[in-house]
Amino acid sequence: MSRRTLIAGNWKMNGLTGSLDYFRELAPVAADSAAEVLVCPPATLIHPVAQACRGTRIRVGGQDCHARNSGAHTGDISAPMLRDAGASHVILGHSERRAGHGERDMDVQAKAAAASAAGLVPVICVGETLTEREAGQAVEVVARQLAGSLPENSAIVDLVIAYEPVWAIGTGLTASLTDVAEMHAAIRERLKNPLTTCILYGGSVKPDNAEALLSLADVDGALVGGASLDVTDFSAIVRAAGSGTQLAR
Ligand code: PGA
């Protein structure tokens, strides 16, 4: 069974309504791409970005959601709200949320269940710290995060996994191709739907390393932070996934 390649941009806490010209430039690149293209702007921009991307091949995603659909949760945003605003995906369990907001695997799992119940594709992030990698525990840590973070019915859920070594995020460091290949194979082995689940690599993906990373057998795309803020760089990464005239894997 084939998997589509997915190139996803994570804008984090960046972007104002003045940033929407970006999509006029990205739309033709997405139209010509073999990959699905997803941009996850801050929540305030999901609706305007979804409007700006109508009729294009660019999908829009959130960066987090609450595990409940509604209620007394000041400042939070639910999965049905993201869907209502035009999102198709939501990033969950990003290491910045795990570190900055104390999110545990069980929280990510509850959010993932809420997201898929609302019709969103969860993009579940996992990844080890440098200390864990240096201690030889990278695969064990990621396996534990996966086991705890995937929704219980993950066999019937459309989901995406993003392997993001924490030490590679925003640092300009990337894992070696050998380490990425090893980790992606280890992740795939542990999935209920190994043939159809997209596994993205994230952590300092740039135009000059995207092609090599994307050429690895178990790398089905990229989650791009810093480089997704620049439409020229993000377009180059989308192009590295191949054009629509090539067969999707
Ligand atoms: P980066 O971020 O590309 O800036 O390293 C990746 C991410 O945090 O998703």
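**The largest cavity and beyond**

Reply: The lining of the largest cavity is made up of three nonpolar residues, three polar residues and one charged residue. The model is a predicted one. The residues that line this cavity are Leu150, Ser154, Leu159, Leu191, Lys192, Asn193 and Thr197. By the grouping used here, Leu counts as nonpolar and Lys as charged. The space in the largest cavity comes to about 30 Å³. The structure has one cavity of 30 Å³ or more. As for how such a space is found, rolling a probe the size of a water molecule over the atoms shows where empty space is left.

Next comes the ligand. It is surrounded by 13 residues, and the closest are Lys12, His94, Glu164, Gly170 and Ser204. This shell divides into four nonpolar, seven polar and two charged residues. Some contacts can be described atom by atom. In Glu164, an N or O atom of the side chain lies 2.7 Å from an oxygen atom of the ligand. Gly170 takes part through its backbone, where a polar atom is 2.6 Å from an oxygen atom of the ligand. Asn10 has a polar side-chain atom 3.5 Å from an oxygen atom of the ligand. The ligand on its own would expose 280 Å², and the protein buries 98% of that area.

The last topic is the cysteines. How many disulfides does the structure hold? The count is zero. Cys65 is in no disulfide, and the nearest cysteine sulfur to its own belongs to Cys40, 12 Å away. A disulfide is counted here when two cysteine sulfur atoms lie within 2.5 Å.

Cys65 has a relative accessible area of 1%, so it is buried. Cys198 has a value of 11%, so it is buried too.

Key:
Residues numbered from 1 in each chain as written. Predicted model: local features only at pLDDT ≥ 70, side-chain atom pairs only at ≥ 80, totals over all residues. Heavy atoms only, no water. 1 Å grid on protein atoms, 1.4 Å probe; cavity = no way out; pocket = protein on both sides within 12 Å on 5 of 7 lines; lining within 4 Å. Points joined across faces, edges and corners; volume = space filled by probe spheres on them. Near = heavy atom within 4 Å. Polar contact = N/O pair within 3.5 Å; in protein donor to acceptor, adjacent residues only side chain to side chain. Areas by Shrake-Rupley, 256 points an atom, 1.4 Å probe, with all protein chains shown as cover. Buried < 20%, exposed > 50% of the residue type's maximum accessible area, 1.4 Å probe, protein only.
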